[in-house]
Amino acid sequence: MHPAGTFARTAMDPHAVREVSLTINATHLFVYFIPEAPEEAAKLGVTEYGPAYFAFRAAPMGAVPWQVTLAAFYNFSPRSVRAMAGVWDAATPEEWQAARFAAVDRAVRRVGVSLTADRIAEARSLIDPVVASADYAGKTMAAANASVPLPADPLVALWQQITVLREWRGDAHITVLAANGLGPCDCNVLQTATGHFPAAIARATRLWDDEEVAAATTRLVARGWLDADGTATDLGIAARERIEAETDEHCAALWTPIGDAGVRRLTSLIVPIHDAFTAAGTYPFRVETGDTRSADPEAVGQARFSCSRDERARSAG
């Protein structure tokens, strides 16, 4: 089944949709790498990266059981997400959300994000109508983030609106993965086989075991997407790209309130956020923007913050 045919067709430029999606993700991304995030989590009594990651990101949904987070995040194994059990006893979701905003606020000031008040206001004039008019049916994480009251600081508020749209595409991607018969472990295996996700990081953070990975590999071999040794075939590479294109097509209607010109302008307005964090040495890899490719950012972030404090300091430099 190819779900793209069920989505509303628009006249949006697919290239503009892909570019803004990449920029939205890259601009949101720093929260998984900044030292301020584990510092704020530690103030709430949680010092392990995994539980803090799930608490920070799941907080907009409220004090849901870990099983709900597992469903919303899709590509993590149950044994990975189960680690968050107890985070709502350490602090309420509202406290976790406030701590996340505090981390973002401290970080953007530390790296000197150079967005003037006028540029922030213009970016908000473009992004706010998109958030306000988005269709949230089936978009669990996006809807949850859209319900979060915006913080007082204008730049942090802009970042939260960016987060809504970043999660919107992620929710759409889950729809496309499921419609293409790619389960949570299968999509991880395909990502690693096509070079978009380092296998070691996938195993360390998603925590699928050898038996589960072997079963997923067998399913993908049967589809002709992998060779018997786990190498991606041309058909598998094409399938992965088609899934990304179907996700873009799903997202096209999201951007119609501002059109291609507005999308391109928003992209140019917010990219300095990513540039500032890149210049500050935030990422130990190249973030995917434009036609480049990178490892899965959250997975790299989890691997990074699972290291010792001294190792984290060295990798941040």
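Colleague: How does the end-to-end distance of α15 fit with its 21 residues?
Modeller: It agrees: at 1.5 Å a residue, helix α15 (residues 259–279) should span 30 Å, and its end C-alpha atoms are 31 Å apart. Keep in mind this is a predicted model.

Colleague: OK. Where does α15 bend, and by how much?
Modeller: At I270, by about 30°. There's a proline, P272, following within four residues.

Colleague: And which residues of α15 are buried?
Modeller: Quite a list, including G259, G262, V263, L266 and T267.

Colleague: What happens to the backbone just after α15?
Modeller: G281 takes a positive phi there, about 75°.

Colleague: Switching topic: E246. Which helix is that in, and is it buried or exposed?
Modeller: E246 sits in α14, residues 234–252. Its relative accessible area is 6%, so it counts as buried, the cut-off being under 20%.

Colleague: A buried glutamate, then. What does its side chain make a polar contact with?
Modeller: The side chain of N180, at 3.0 Å.

Colleague: Now T192. Where does it lie?
Modeller: In helix α11, which covers residues 184–193. With a relative accessible area of 23%, T192 is partly exposed, because that value falls between the 20% and 50% cut-offs.

Colleague: Which backbone oxygen lies 2.8 Å from a polar atom of the T192 side chain?
Modeller: That of V189.

Colleague: And what is T192 in contact with, leaving aside neighbours within four places in sequence?
Modeller: F197, P198, A199 and A202. As for A202, it's ten residues from T192 in sequence, and the two C-alpha atoms are 7.7 Å apart.

Colleague: Zooming out, how many helices and strands does the protein have?
Modeller: 17 helices and zero strands.

Colleague: How much of it is buried?
Modeller: Buried residues make up 55% of the 317.

Colleague: What about the surface, how much of that belongs to carbon and sulfur?
Modeller: 56%, out of an accessible surface of about 13100 Å².

Colleague: Last one: what share of the contacts between residues at least 6 apart join residues at least 24 apart?
Modeller: 78% of them.

Key. Residues numbered from 1 in each chain as written. Predicted model: local features only at pLDDT ≥ 70, side-chain atom pairs only at ≥ 80, totals over all residues. Heavy atoms only, no water. Helix = DSSP H or I, 4+ residues; strand = E, 2+ residues; numbered from the N terminus. Buried < 20%, exposed > 50% of the residue type's maximum accessible area, 1.4 Å probe, protein only. Contact = heavy atoms within 4.5 Å. Polar contact = N/O pair within 3.5 Å; in protein donor to acceptor, adjacent residues only side chain to side chain. Expected span 1.5 Å × (residues − 1). Bend = angle between axes of the 7 residues up to and from the residue. Areas by Shrake-Rupley, 256 points an atom, 1.4 Å probe, with all protein chains shown as cover.
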